[in-house]
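Hi,

Here is the structure I promised to pass on.

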Amino acid sequence: MKLRIGFGYDVHALKEGEKLILGGIEIVNSPLGTVGHSDADVLIHAIIDAMLGAANLRDIGFQYPDSDNKYKGIKSTLLLQDTLRKIREKGFEIENIDSTICLQSPKISTYIPQMQRCLAEVLSLEKEDISIKATTTEHLGFEGRKEGVSAYGVCLLSKK
């Protein structure tokens, strides 16, 4: 069996009046939401980049460019589903995903099980194969100033 690991990172600005979508779930208690060409789901974007990197398929901007209007406002779960198709075409399967969301507020730990279920359904994985962690940045950096949110993801792929 061949194993490949990929790393992903994404960041989006926060703005009043926008929805905050993380892991395919709307965080309803947030006065700030993400700004982006798609639904700006920073967690899914980091996971997509990790998957693409592990399969040597470049990055999310290459596969789903923001210059293409067909991706305007698209749900990131659809991009994730398409990314799964792309890696499977190369003979890979996901073994597990580990990720971290960096967000000062709101606290999102109660949403993590919903995010895991959503991602597991889209990726045809067990919930236990998807780790999602959340952290503040102790009021440091753009996340700490509530100007943006970032996420990191690692994905392990296998090829039989």
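Predicted model: local features only at pLDDT ≥ 70, side-chain atom pairs only at ≥ 80, totals over all residues.

Below is what I found, region by region.

**Histidine 12 and strand 1**

I started with histidine 12, which sits in strand 1, residues 2–16. Is histidine 12 buried or exposed? With a relative accessible area of 12%, histidine 12 falls under the 20% cut-off and therefore counts as buried. Its side chain has a polar contact of 3.0 Å with the side chain of aspartate 10. The histidine 12 side chain also reaches a backbone atom, the oxygen of valine 35, at 2.9 Å. Setting aside residues up to four places away in sequence, histidine 12 touches a list that includes Thr34, Val35, Gly36, His45 and Gly148.

Strand 1 has another side to look at. Phe7, Tyr9, Val11 and Tyr152 make up a nonpolar patch on the surface, and together they have about 370 Å² of accessible area. Strand 1 gives the largest share of that patch, three residues. Tyrosine 9 belongs to strand 1 and is partly exposed, at 34% relative accessible area.

**Histidine 37**

The other histidine I looked at, histidine 37, is in the loop between strand 4 (32–34) and helix 1. Which backbone atoms does the side chain of histidine 37 reach? One is the backbone oxygen of aspartate 68, at 3.2 Å. Another is the backbone oxygen of aspartate 66, which lies 3.3 Å from a polar atom of the histidine 37 side chain. Both aspartates are also among the contacts of histidine 37 once neighbours within four places are left aside, and that list goes on with Asn69, Tyr71, Lys72 and Gly73.

Side chains of opposite charge can pair when their charged atoms come close. Several of the residues to look at here are linked in a network of salt bridges: Asp82, Arg85, Lys86 and Glu89.

Take arginine 85 and aspartate 82, whose side chains meet in a salt bridge at 2.8 Å, N to O. Why do they sit about one helical turn apart? Because they are three residues apart in helix 3, which covers residues 76–89. Aspartate 82 also meets lysine 86 in a salt bridge, at 3.8 Å, N to O. That pair is four residues apart in helix 3, so about one helical turn separates aspartate 82 and lysine 86 as well. An α-helix has 3.6 residues a turn, so residues three or four places apart point the same way.

**A salt bridge between strands**

Lysine 133 and aspartate 98 form a salt bridge too, with their closest N and O atoms 2.5 Å apart. Lysine 133 is in strand 6 (residues 130–135) and aspartate 98 is in strand 5 (residues 93–102), so this pair ties together parts that are 35 residues apart in sequence. Both ends are partly exposed: lysine 133 has 35% relative accessibility, and aspartate 98 has a relative accessible area of 32%.

**Helix 4**

Helix 4 runs over residues 112–123, which makes 12 residues. At 1.5 Å a residue it should span 16 Å, and its end C-alpha atoms are 16 Å apart, which agrees. Which residues of helix 4 are buried? They are Ile112, Met115, Gln116, Cys118, Leu119, Ala120, Val122 and Leu123. Their cover includes strand 2 (21–22), strand 3 (25–26), helix 1 (42–54), helix 3, strand 5 and strand 6.

Helix 3 comes back into the picture here through arginine 85, which has its place in that helix. The C-alpha atoms of arginine 85 and leucine 123 are separated by 9.5 Å, although the two residues are 38 residues apart along the chain. Just after helix 4, serine 124 takes a positive phi of about 55°.

Cheers

Key:
Residues numbered from 1 in each chain as written. Heavy atoms only, no water. Helix = DSSP H or I, 4+ residues; strand = E, 2+ residues; numbered from the N terminus. Buried < 20%, exposed > 50% of the residue type's maximum accessible area, 1.4 Å probe, protein only. Polar contact = N/O pair within 3.5 Å; in protein donor to acceptor, adjacent residues only side chain to side chain. Contact = heavy atoms within 4.5 Å. Patch = residues over 30% accessible without salt bridge, like charges linked within 9 Å, V, L, I, M, F, W, Y side chains within 5 Å. Areas by Shrake-Rupley, 256 points an atom, 1.4 Å probe, with all protein chains shown as cover. Salt bridge = Lys/Arg side-chain N within 4 Å of Asp/Glu carboxyl O. Expected span 1.5 Å × (residues − 1).
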